[in-house]
Amino acid sequence: MQVPAYAKVNLTLEVIGRRDDGYHDVATLLQTVDLADTLTLQPSDALAVTCDDPALSGEANIVWVAANALARRAGITPAASIHITKRIPVAAGLGGGSADAAAALIGLNRLWQLNLGSDELAELAATLGSDVPFLLAGGTALATGRGDRLSALPALPATAVLLVVSRDTIDAKTPTLYRALAAGDFTDGGHTHRLANQLSHTSPTSTDCRNAFERAAQSIFPGLSDVWDIVASITRHTPRLSGAGPTIFCLPSSETEHMRVQVALRNTGATAYLVRTLNPAHVGN
């Protein structure tokens, strides 16, 4: 059995404030795109998780955690061979690990013939990470709270999106970026809610989008600011950060922009992808 695990972009990401539980309240518009990992699941006598990137194999992978959580929920012993073919860049702000966890829940629910409903899977997914419940269904959604309260929105028409993934990495990326937020980076979530309300009659561009981490990310990720400037000099619409970065995106885009950006980034180590937005009918199949 093969299950696709689709990436996401944050069309907006506003950080509202710190919560008493140590997390932050956010307002974010989430959108799946057709860049995907693939999980191949087979029956087995024990649980095994492998990946074509050996560093991601084994018990530390969130897929292992998801499989054990689902097995505990069902009262069974986890037993399956799961192989992950990675295409979504790791720790890039595209939700690759969360997508893999969601795909594992979908696939194992079928493989183990558990017949759990979508609400039960979503409840379990929420224990694995704030993006995992969204990636069970995908499409377009508003997420609030700490990112775990979801409201489905009108699906965007299939639209080309340029993703540019910098090779920059830092340890403890997300907490580091939260700590780097200044007072001016916090907002009330109003921009996200206004854009969400407009989706029924207009398609957003990346110029319409916002991300609270953009200032901090450009100062923290080495080389990201230079990549950003190169992309901005070529693309019609303003680049925006996805998640906590370092991926930036432009929406809508085109093959012409993609090719021009690829050439311009040749000596930076950054990688450009041209993908398309994906609606729920194609997610989880």
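## Nonpolar cores

In this predicted model, the largest nonpolar core holds 61 residues. Leu39, Leu70, Ile82, Leu94 and Leu105 have the most contacts inside this core. Helix H2, which spans residues 96-111, supplies the largest share of the core, eight residues. There is also a second, separate core of 25 residues, and Val15, Phe213, Ala217 and Ala272 are among them.

Leaving aside its neighbours within four places in sequence, Ile82 is in contact with Leu39, Thr40, Leu41, Leu47, Ala48, Val49, Thr50, Val63 and Leu108.

Side chains alternate along strand S4.

Ala48 has Ser81 as its bridge partner in S4. Together, S3, helix H1 (residues 62-74) and S4 make a β-α-β unit that is left-handed.

## Salt bridges

The structure holds nine salt bridges. One of them joins Asp131 to Lys8, with the closest N and O atoms 3.9 Å apart. Asp131 lies in the loop between helix H3 (118-126) and helix H4 (132-137), and Lys8 lies in strand S1 (residues 2-18), so the pair ties together parts that are 123 residues apart in sequence. Asp131 counts as buried because its relative accessibility is 18%, under the 20% cut-off. Lys8 is also buried, with a relative accessible area of 3%.

Asp100 and Lys86 form another salt bridge, at 3.4 Å from N to O. Asp100 is in helix H2, whereas Lys86 is in the loop between strand S4 (80-85) and H2, so this bridge ties together parts that are 14 residues apart in sequence. Both Asp100 and Lys86 are buried. A network of salt bridges that share partners joins Arg19, Asp21 and Asp25. In the bridge between Asp21 and Arg19, the closest N and O atoms are 2.9 Å apart. Asp21 is partly exposed, with a relative accessible area of 42%, and Arg19 is partly exposed at 24%.

## Backbone details

The bond from Gly245 to Pro246 is cis, with omega near 5°, and Pro246 lies in the loop between strand S9 (240-241) and strand S10 (248-250). The bond from Leu251 to Pro252 is cis as well, with omega near -10°. Pro252 is found in the loop between S10 and helix H9 (255-264).

Positive phi values occur in residues other than glycine, including Asn115, where phi is near 60°. Asn115 lies in the loop between H2 and H3 and counts as exposed, at 68% relative accessibility. Phi of Ala172 is also positive, near 50°. Ala172 is in the loop between strand S7 (160-165) and helix H5 (173-180). With a relative accessibility of 48%, Ala172 counts as partly exposed.

Conventions: Residues are numbered from 1 along each chain as its sequence is written. This is a predicted model: local features need pLDDT of at least 70, side-chain atom pairs count only at pLDDT 80 or more; totals for chains, interfaces and linings use all residues. Side-chain values use heavy atoms; hydrogens and water are left out. A nonpolar core is a set of buried Ala, Val, Leu, Ile, Met, Phe, Trp, Tyr and Cys residues joined through side-chain atoms within 4.5 Å. Buried means under 20% relative accessible area, exposed over 50%, partly exposed in between (1.4 Å probe, protein chains only). Helices (H or I, at least four residues) and strands (E, at least two) are DSSP runs, numbered from the N terminus. Contact means heavy atoms within 4.5 Å. A salt bridge is a side-chain nitrogen of Lys or Arg within 4 Å of a carboxyl oxygen of Asp or Glu. Two strands pair if DSSP finds at least two bridges between them. A crossover is right-handed if, with the strands pointing away from the viewer, the path from the first strand over the helix to the second runs clockwise.
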